[in-house]
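Here are a few notes to read with the model open beside you. Take the points in order.

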Amino acid sequence: ELYKDPNFKIILVIRDPRGIINSRITLHSKRKQNNFAKDTLDAVKWNALNLKERYQSYIKLVEQTDKIDNHPEKVLIFRYEDFALDSNKYTEKIYNFLQLDIKNNPEHLKNFNYVKDKLFKETHGQAKKSPTSSFGTADRDATKIISKWKNTMDWQIVDHIQKHFGGKDIWERVGYRFYENKEDYERADEGSVVEKQWFGAR
């Protein structure tokens with residue numbers, strides 16, 4: 001459908017694999033009432049390999065659609081961290097990607113302002129969590145949790161994730177810092193986790 005239908009587009013959101021897996025470890029530990037165990041490392045490996053396969057398929061999809069001549073942009077990919085830090089910018093990017101004219105179409109502009117304000121509240125902990133939802137981040141400030149894993153994850157787990165997700169090249173491709181060793185990891189601050197340049201930054 002992506003190639004047959006000119007209106008068919010895909011929007012993908014990625015997040016630092018270490019942040020995703022840290023959240024899953026936290027849930028896993030609570031259920032097991034154990035902060036660390038062999039089955040935790042097994043789960044880390046499985047999740048890292050799963051995310052590697054998924055992210056590589058995203059990269060391939062972007063590269064394939066970019067090679068088509070006279071073809072409108074079909075795939076938009078951005079990072080959860082970028083959206084958390086500047087939800088207004090990325091909401092506008094989504095509207096532009098979908099070719100919804102917010103400058104000349106009053107209806108699109110009205111809708112854009114509603115969505116923009118709603119997503120800003122959702123990402124800044126200003127929205128009420130839905131009582132019908134079992135998960136979500138509406139009541140949490142995403143700008144404060146995007147790199148929370150950096151201060152909570154033991155180097156052994158970070159190293160385990162990095163090894164199974166892939167080498168430095170794939171980390172740089174998706175725009176997340178790769179740590180060479182324990183000293184490098186412990187020395188770096190939270191602000192250096194997300195790279196400014198990556199394959200989706202265009």
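1. First, a pocket is an open set of points on a 1 Å grid over the protein atoms alone, where a 1.4 Å probe fits, with protein on both sides within 12 Å along at least five of seven lines; lining residues have an atom within 4 Å of a point. This is a predicted model, in which totals for linings use all residues while local features need pLDDT of at least 70 and side-chain atom pairs pLDDT 80 or more. Residues are numbered from 1 along each chain, and side-chain values use heavy atoms, without hydrogens or water.

2. Now find the second largest pocket: 21 residues line it, and Arg79, Asp82, Leu85, Val194 and Glu195 lie nearest its centre. Its lining gets two or more residues each from β2 (75-79), α3 (80-85), α4 and α6 (142-145).

3. Next, look at how α4 (residues 87-97) meets α5 (residues 106-123): their axes (lines fitted to C-alpha atoms, over the stretch in contact) come within 9 Å and cross at roughly 140 degrees, on a scale from 0 to 180 degrees between N-to-C directions. Contact residues (heavy atoms within 4.5 Å) include Tyr95 and Phe112.

Notes:
Helices (H or I, at least four residues) and strands (E, at least two) are DSSP runs, numbered from the N terminus.
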